[in-house]
Amino acid sequence: MSDFTHTDTLLGILETVSEPVISYSDALRIVWMNPAAEVFLGLSLERVRGLSCLDIFSEDLPCRNNCPVRRALKEDRTVSLLTEGLASGETLLTAVPINQGGGLARVLEIIQGAFMEISKPPFRFRFLERINTTFDLAEAAPVLVEAIREIAGDVIAGVFSLVGEGFSLVSGYGVPDAMNELPGLDLLSRSPLYVNTRSIFPGIPPLGLPLEVSLLPLYDSERLAGLLLCGVIPDSDGRERLEELQSVMNAAMNRFGRAEECARLLT
């Protein structure tokens, strides 16, 4: 792999895999990561580009004093970090140097399940790591409903897919029948909506509806594909966590779309 010259093609392939992959420059700064890494970290590429791994991982991880990325960069070879104690220990991280145009272009770090277990970002690990194992919105929806309720408490929560010009419930908790099908929303953009329910859904009977809702659109690349619904407007910390959930789910939606495209090309 170190002689791979078509870096863009390689990164295109890595965008569809379920293992988190982070790419570092020769200055050990993050330049790219795949959607699975965005889901695992709960951070978008835009948030972490230019940062060091020291900025996003805790200080007590075994890679701090034995960095495989730094070694792969220095030695120009693939380096794996294993769990301690056994010669055949479990792989935590694998760093792969990528050469292009006669020089070292970057180092790819592949994050294995054992490392994901020990790093455990608390909220992200319990829910978003599970999204990494799903392959479409239908599989991810129950996990998202749990995550919404973890953030906002015992409130109605729903995941909707775009059907025609409206939205259809995929999975939900406490969602009244009147909200199983939602109309298209003129105010909907990429940004979340925190609104009064009656103002946004004037045609839905009020029985069983919450007074206010949080609506977070889901995008597959540039295409609106779904909607997260939370039956309350949480405080600023809760809104931040909902928007984090929306951000990493958008990355997962991109992965779903790319996986479908690859499957079509292979059939």
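Predicted model: local features only at pLDDT ≥ 70, side-chain atom pairs only at ≥ 80, totals over all residues.
Local features need pLDDT of at least 70 and side-chain atom pairs count only at pLDDT 80 or more, while totals for chains, interfaces and linings use all residues. Residues are numbered from 1 along each chain as its sequence is written, and side-chain values use heavy atoms, with hydrogens and water left out.

**View 1. N196 in strand β9.** Strand β9 covers residues 193-196; strands (E, at least two residues) and helices (H or I, at least four) are DSSP runs, numbered from the N terminus. N196 counts as partly exposed because its relative accessibility is 41%; buried means under 20% relative accessible area, exposed over 50%, and partly exposed in between (1.4 Å probe, protein chains only). Beyond its neighbours within four places in sequence, N196 is in contact with L211 and E212, contact meaning heavy atoms within 4.5 Å. A polar atom of the N196 side chain lies 2.9 Å from the backbone nitrogen of R198.

**View 2. S52 in the loop between α3 (45-48) and α4 (68-75).** S52 counts as buried because its relative accessibility is 11%. Its side chain has a polar atom 3.0 Å from the backbone nitrogen of L54. Not counting residues up to four places away in sequence, S52 touches L28 and R29.

**View 3. Buried and exposed residues of α4.** P68, V69 and A72 are buried in this helix. The buried residues of α4 line one face of the helix, because they fall within an arc of 100 degrees seen down its axis; the arc is that of the directions from the helix axis to the C-beta atoms. R70 and K74, on the other side of α4, are exposed. Just after α4, D76 takes a positive phi of about 55 degrees.

Notes: Polar contact = N/O pair within 3.5 Å; in protein donor to acceptor, adjacent residues only side chain to side chain.
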